[in-house]
Amino acid sequence: MLQAPLRDRPVTLNVPEHAPDHLAIIRPHREAVEAVDDGSALATTPDTVSAISLAFAVLAAVWFSDGTLGGLIAGALLLCASLVLGAFRPDGVLDRAGEFAVYAGLTAGAVGAAGVAVPGANLWWAATGAVALISVRDMMDASYAATRTAHWNPSGQGMARRSDVLRRVGKGLGLPTGERLALVSVTTAVAGARPTFAVLLAWGSAAATVVLAGRAARSLVR
């Protein structure tokens, strides 16, 4: 008896009895692999970056409070790490919290290093002055930003672009948050807490005076 050609024979598919359930199990796994491939599952949220930056600043404050040279250097390195993270995701409230914690740690470390209360108490006044100066500066910046928004003039954009380099240099000399904390980390590692507060208060006061005078002059011209 002749057999039918192979192409004419019926083809039997061995499909698992619970095929839909099998596919349902595989799909989430496949989606997870695709999410890892495109990087979405490994993304870090801005709030997480801000929290990590604050954690590094707090750790820096803890090392500063040790008062030893090793503690000052370790705190300066941690503060630099906090600055790097903060540059990607600035957060005004968390930045201030970390900065004030650093000042408190520096003051506590100076008290411990001095071994007596009187010299360290002077640094508490310096830390309080630094906090007050920064708070006044923040209010000045917020008020000026609101004024500029109300009087914004698109026709001056070309001139603003030409003077962009000078504006950035002037902003850096004005000692904003990033430059201020960089100054704190360097002077602390090199000279300690007392010179740090001296430079911070002197430079911060001069910068605030210059910025205020410049803004007043521009408002008169306008």
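## Salt bridges, core and confidence

In this predicted model, a network of salt bridges links Arg96, Glu99, Asp138 and Arg180. The whole structure contains 3 salt bridges. The chain itself is built from 9 helices and 0 strands.

**The salt-bridge network**

- Glutamate 99 and arginine 96 form a salt bridge through their side chains, at 3.4 Å from N to O. Both residues belong to helix H4, where they stand 3 residues apart, about one turn of the helix.
- Arginine 96 also meets aspartate 138 in a salt bridge, at 2.7 Å from N to O. This pair links distant parts of the chain, since arginine 96 lies in helix H4 and aspartate 138 in helix H5, 42 residues apart.
- Glutamate 99 forms a salt bridge with arginine 180 as well, at 2.5 Å from N to O. Because glutamate 99 is in helix H4 and arginine 180 in helix H8, the pair ties together parts that are 81 residues apart in sequence.

**Burial within the network**

- Residues under 20% relative accessible area count as buried. Glutamate 99 has a value of 0% and is therefore buried.
- Arginine 96, at 16%, is buried, and arginine 180, at 7%, is buried too.
- Aspartate 138 has a relative accessibility of 29% and so counts as partly exposed.

**The nonpolar core**

- The largest nonpolar core comprises 21 residues, and Tyr103, Leu106 and Phe197 have the most contacts inside it.
- Helices H2, H3, H4, H5, H8 and H9 each give two or more residues to this core. The largest share, 5 residues, comes from H5.
- Leaving aside residues up to four places away in sequence, tyrosine 103 touches several residues, including Ala127, Ile134, Arg180 and Phe197.

**The surface**

- Leu69, Ile73 and Leu77 make a nonpolar surface patch of about 310 Å².
- Leucine 77 is located in helix H3. Its relative accessible area is 60%, so leucine 77 is exposed.
- The accessible surface of the chain is about 14600 Å², and 68% of this belongs to carbon and sulfur atoms.

**The chain as a whole and its confidence**

- The chain has 222 residues, of which 25% count as buried.
- Of the contacts between residues at least 6 apart in sequence, 75% join residues at least 24 apart.
- The average pLDDT of the chain is 75, and 64% of the residues score at least 70.
- Residues 19-42 have a pLDDT below 50, and this stretch has 3 contacts in the model beyond near neighbours in sequence. Where pLDDT is low, the predicted coordinates should not be read in detail.

Technical notes:
Residues numbered from 1 in each chain as written. Predicted model: local features only at pLDDT ≥ 70, side-chain atom pairs only at ≥ 80, totals over all residues. Heavy atoms only, no water. Core = buried A, V, L, I, M, F, W, Y, C linked by side-chain atoms within 4.5 Å. Buried < 20%, exposed > 50% of the residue type's maximum accessible area, 1.4 Å probe, protein only. Helix = DSSP H or I, 4+ residues; strand = E, 2+ residues; numbered from the N terminus. Contact = heavy atoms within 4.5 Å. Patch = residues over 30% accessible without salt bridge, like charges linked within 9 Å, V, L, I, M, F, W, Y side chains within 5 Å. Areas by Shrake-Rupley, 256 points an atom, 1.4 Å probe, with all protein chains shown as cover. Salt bridge = Lys/Arg side-chain N within 4 Å of Asp/Glu carboxyl O. pLDDT = per-residue confidence, 0-100.
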